[in-house]
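Please look through the sequence and the structure shown below before reading on. The report that follows takes up charged pairs, aromatic rings, a helix and the confidence of the prediction.

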Amino acid sequence: MIVEKLDWLRHAGLQIFSLDIQPDGSRFATAGGDHKVRIWSMTALQSSDQGPSQPRLLATLRDHFGSVNCVRWAKGGHFIASGSDDNLILVHKRHPGSGTTEFGSGEPPDAENWKTLLTLRGHSADVVDLGWSPDDSMIASCSLDNSVRIWSALNGNLISVLMGHTSLVKGVAWDPVGSFLATQSDDKTVIIWHTGNWSMIHRAEGPWEKTVGFTFSRRLAWSPCGHFITTTHGFQEPSHTAPVLERGEWCTSFDFVGHNAPVVAVRYNHSMFRKAPDSKKNGGANDASGGDSAPYNVIAMGSQDCNITVWTTASPRPVFVGKHFFTQSVVDLSWSTDGYTLLCCSLDGTVASFSFEAKELGLKVTDGEMQEFKKTRYGDQNVRGLTLVESASQLILEAAAAKQLATSVGTVEVQSSVAEKAPEVPPPESAATNRKTRVLQQTEYRGADGRRRIIPKPLEQDCKENEAPDGAKGIGYEVFNPPQSSKNGLTTGLRSDVRERLSTLEGDGTGRQGTDTRPKTADVCMTDRLVAGAGGELPKQVSRISTSKLLIQPASSPGVLTFEIHPSLEAPICLEARPAGTQQKGGTAEANGVVDSSLETDIVCSQGGKILWWDRVKRKATILTGNSNFWAVAGDDNSVQIYTVAGRQALPLLILSSPAAFMDCDKDWSLLLLTGCGSLHMWDIRNSTSILLESVYALLSCYPSTPSEAGQVRVVSARISEVGAPLVVLENHHAFLFHMDLKCWLRIADSFPSSTFCEFSPILTSMRAKAGPAQKKAGSLCVDGTSFNLLKASAHELGSYNNRSQLESQMGAALALRSAEEYRRCLLAYARCLARDADKSRLRELCEELLGPRQSPGIDESKDPAVPPRWDPCILGMKKRDLLKQDVLPAMASNRAIQRLLSEFVDLLTEIESRVQQGLPEGSSP
């Protein structure tokens, strides 16, 4: 055994928190308090000479802004990840050439060029430990923010956030098979997570309950055989221990006992070992059948007692105990690829190397034997990703499906066998000759846009109607259905070869060109029918609806559309619509040249970088919306497709009268859509029913400046308000809410100076600044980047600046929006306004409405079901009499000119309250 203290390895005299040896054994990396990760040559451990051809320090990674707490190489050795006090995880990759140096540091340029590949942001506190998955596809990190985060090592996307711990998480370890992840925290627990769905499958609590004190880390480790998890910071009187959990039961089977202070880091050797043969027995041959040939694991431990121990699972005592090598706690360890060299680092800023011999640790098990051992115990890792059968019913249904498939295949074989005999009867020569030699007749015309179009005429067929020639059935012979004249003179058929020719025609003036033939064929079919019905002449007035004639311009997609929903305690779910054949790179869509992206769109739903489902539609998507129940995608061909959350088509394709201009949904199942022609649809997706069909034409032309401007006001927003009714906002700041009971539009906001909804400039700034949750609930309308809230002023401000008519309108708007706070605020301001003007008639009417009717003798509305209640004691969840007592009557007291009216209603309210307390009827009118 050889022990060496690497005095030449330093981090500017500061602490070293972590180290790790590259899997190929050529380099090792250290992380320290100088905010740097340093990469060293392993060759320097065997050689004392240092020169330009053999430098010890290969590179310094200077991208962190805090102490680097952990550094780990990927299993493939091409990447290195580090976690720091700056809450970041950085992934570096080596590039060709030599590196640079930090200006003013005095250090020589780096011998190797390592650059940052990924920056993983998400933790809100120090990153303490991290680990690569066995296949290097994911990175797990733990932090002092009590969370464990799983990242994609391919693109840096966040896959999952594990929030099972209640205190600082200080250690992570991957199962070498890839099925589980273990984490250890200061909450004195170890949690086992399933990597399939990231669910917690076990929480171990026992061995760490009596632990005391603080440790920098709790770096647990998983054995290479996958059966043991050795944890840290255990305690059993009178010693500190490293408890071991066994796979499956996840219970403590034994402990490594011997340290005088908490164990803070453990590291298993990458391979298993067998005891070396005894040269004195059997002539030096190893008895393969004996107990000595059983493989065992080797593990190293570092403790706050500054000591290092090396153990094997085949012995109750440590193989090696290293003392007096460090003056402070040992915080990390790493084994070399050959399994016989151990590196340890300490908070005293030093690193030590321990080189063992085969007679001390044993003979290393070969990699082939390790793979065969894992395959025997856990199955072939190459097929572990396959889904296994979990029930007998699954096998029964699979057998039934296979039988059904076999039946369908047999039917196809029978049809094909019949088809083989069919060619013995050739089709009529005349039909074949006509098909080859007949000249296609054409009609030329110019559309309203000036473009020249060629419309082929449908040809007649010599064979009988809807009947194929003899022997043509079942062999793929093209059956020709001639156009049939209906009663209205329109033809009802078009040859398939004509449709194919039509697909090559130039675009129809809407900017849509490409390989998608369905919309163009439909247009030409309709045009052809009109031509046939009009004696072959194309009517000049027949043309596509121009988008310039629409009341509302449809939405146009700039390229990639994105819509996100944010489930609670989960990563956001993102729905993307991007041109087909493109890949998302850096926030832009780049074409791969496979398909025409102008006509096909890829709909991709993903969460945390993982694609949940995918679909391709032959149209250009213009608007996306959705919630936790469904997704909706509007296309430029007047269509809307509804998807379930799993990506199934919930309904057939919805075809509208014009393209969608706005689309919105609530938190449940309601979907609102405003088309370009001004039709407003509102559907219940779950029940497949229509809630509302209304037009917004009256809103667009209600206040034009001149007759020529009718219908020219632009719609800037159409959505579902929080009360479940459509809310439409125009560019002139008019806002309209559709009243579902009155079946008409209510104007709830505008900005004209002469309007009762005018926002007075002296209080506009303070009104916006004081907008709270209730104002946001009432509805924040954003027009041209200007936010203005309904009913946002305080009672004092409204009473000082707003007139009576405005307050009445705002009370009605608050009632329509069901905003209790705004209604009460406006009611108070309204009462003060009436009291200031001594408007007794309006005050009396307001007080009577809040007080309620005094019942007539002999009639009890509560007991007579034939008499409908004439008065509701509550409004927006507030009791009307409480509003009268607490708001209106005190406001009336500000003007003594109406004190008699005030005294009258105070007496009435007192009388009613006393009768209610005594359980007596409220009485009749005096």
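## Salt bridges across the structure

A search of the whole structure, which is a predicted model, finds 27 salt bridges. Side chains of opposite charge can pair when their charged atoms come close.

One of these pairs joins Arg94 to Glu112, whose closest N and O atoms are 3.7 Å apart.

## A network around Arg267

Which residues are linked with Arg267 in a network of salt bridges? The network is made up of Asp20, Arg72, Asp129, Arg219, Arg267 and Asp332.

Arg267 itself is part of strand E23, which covers residues 263–268. Is Arg267 buried or exposed? Its relative accessibility is 16%, and because buried means under 20%, Arg267 counts as buried. If its neighbours within four places in sequence are left aside, Arg267 is in contact with several residues, including Leu19, Asp20, Arg72, Ala221, Val298, Asp332 and Trp335.

## Aromatic rings

The count of aromatic pairs comes to 18. Phe180 and Trp250 form an edge-to-face pair, with 5.2 Å from centre to centre and 75° between the planes. Phe180 lies in strand E15 (residues 180–185) and Trp250 in the loop between strand E21 (239–246) and strand E22 (252–259), so this pair ties together parts of the chain that are 70 residues apart in sequence. Phe180 is buried, with a relative accessible area of 13%, and Trp250 is buried as well, with a relative accessible area of 8%.

In another pair, the ring centres of Trp335 and Phe356 are 6.1 Å apart and their planes stand at 35°, so the pair is described as tilted. Trp335 is in strand E28 (residues 330–335) and Phe356 is in the loop between strand E30 (351–355) and helix H2 (358–361), so parts that are 21 residues apart in sequence are tied together by this pair. Trp335 counts as buried at 1% relative accessibility, and Phe356 counts as buried at 7%. Both residues also belong to one aromatic cluster, which is formed by Phe320, Phe325, Trp335, Phe354 and Phe356.

Helix H13 runs over residues 820–837 and has 18 residues. From its first C-alpha to its last, helix H13 reaches 26 Å, which is close to the 26 Å expected at 1.5 Å a residue. Its buried residues include Glu822, Tyr823, Arg825, Cys826, Leu827, Leu828, Cys833 and Leu834. Just after H13 comes Ala838, which takes a positive phi of about 55°.

Arg824 forms a salt bridge with Asp887, and here the closest N and O atoms are 2.7 Å apart. Because Arg824 lies in helix H13 and Asp887 in helix H15 (residues 880–892), the pair ties together parts that are 63 residues apart in sequence. Arg824 is partly exposed, with a relative accessible area of 31%, while Asp887 counts as buried at 9% relative accessibility. The side chains of Arg836 and Asp837 meet in a further salt bridge, at 3.8 Å from N to O. In this pair, Arg836 counts as partly exposed at 48% relative accessibility, and Asp837 counts as partly exposed at 49%.

## Confidence of the prediction

How many of the residues, as a percentage, reach a pLDDT of 70 or more? For this protein 67% of the residues do so, and the mean pLDDT is 74. Over residues 459–548 the pLDDT stays under 50, and for this stretch the model has 114 contacts beyond four places in sequence. Over residues 752–802 the pLDDT is likewise below 50, and this stretch has 110 contacts in the model beyond near neighbours in sequence.

Conventions:
Residues numbered from 1 in each chain as written. Predicted model: local features only at pLDDT ≥ 70, side-chain atom pairs only at ≥ 80, totals over all residues. Heavy atoms only, no water. Helix = DSSP H or I, 4+ residues; strand = E, 2+ residues; numbered from the N terminus. Buried < 20%, exposed > 50% of the residue type's maximum accessible area, 1.4 Å probe, protein only. Contact = heavy atoms within 4.5 Å. pLDDT = per-residue confidence, 0-100. Expected span 1.5 Å × (residues − 1). Phe/Tyr/Trp six-rings, centres within 6.5 Å; stacked < 30°, edge-to-face > 60°. Salt bridge = Lys/Arg side-chain N within 4 Å of Asp/Glu carboxyl O.
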